[in-house]
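Take a look at the chain below. This report goes through a few of its features, one at a time.

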Amino acid sequence: PLGMAQGKLRLSGPMERINRALRLNTPRSSSSAARVTLPAAALPDWIEVGHVLCYVSRTNSSITHHVKVSKIEERKQTVLVVFEMDKKIWKRVPFTEISRMGDGSLRPLWKPEPVVASCPERPPDFVKPAEEEADAEVTS
């Protein structure tokens, strides 16, 4: 028999048990059923604890921040980062937002190559510019 409880149609007997069984066996969300766990080893080489990276905001990609990797959480599938400008601020970045190409939320922070002298010493006919001579006289 069918009944009404608080404005809802209520099943009773075997139909209620079948309905309850069907609800228990359905996944709660499609994302949990399709979740794939990635090993931490699958992350790019430039993501290591202690490394300083560049964090690019998802909401405003023109804003970037320097962050330090605090922890790689394989169970949670996240990388915990602390912002360099304020050590009290932290963020968990999902593995899925990290790209090997460096175009995701976390990106490598490339340091400029040091400038190497093109010759071992100044040529004998080198003439100092007037500005440098004036600076040398002031400092001595």
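What follows covers a sheet, a ring pair and a loop residue.

## The sheet

This is a predicted model. Five strands make up an open sheet. Their order is β6-β5-β4-β3-β7, and the pairing is antiparallel. In general, strands of a sheet pair through backbone hydrogen bonds, either parallel or antiparallel.

Two strands sit at the edges: β6 (90–94) and β7 (106–108). Each of them pairs on one side only. From one strand to the next, the twist averages 45°.

## Strands β5 and β6

Strand β5 spans residues 78–83. Five bridges join β5 to β6, and the two run antiparallel. Thr-78 stands opposite Pro-94 in β6.

## The aromatic pair

A pair of aromatic rings is described by the distance of the centres and the angle of the planes. The count here comes to one aromatic pair. The ring centres of Tyr-55 and Phe-83 are 5.8 Å apart. Their planes meet at 80°, which is over the 60 degrees cut-off, so the pair is edge-to-face.

The pair links distant parts of the chain. Tyr-55 belongs to strand β3 (residues 52–56), while Phe-83 belongs to strand β5. They are 28 residues apart. Both Tyr-55 and Phe-83 are buried.

## A loop residue

Where does Gln-77 lie? Gln-77 is in the loop between β4 (64–73) and β5. Gln-77 is not a glycine, yet its phi is positive, at about 60°.

Is Gln-77 buried or exposed? Its relative accessibility is 14%. Buried means under 20%, so Gln-77 counts as buried.

Note on methods:
Residues numbered from 1 in each chain as written. Predicted model: local features only at pLDDT ≥ 70, side-chain atom pairs only at ≥ 80, totals over all residues. Heavy atoms only, no water. Pairing = 2+ DSSP bridges. Helix = DSSP H or I, 4+ residues; strand = E, 2+ residues; numbered from the N terminus. Axes fitted to C-alpha atoms, helices over the stretch in contact; angles between N-to-C directions. Phe/Tyr/Trp six-rings, centres within 6.5 Å; stacked < 30°, edge-to-face > 60°. Buried < 20%, exposed > 50% of the residue type's maximum accessible area, 1.4 Å probe, protein only.
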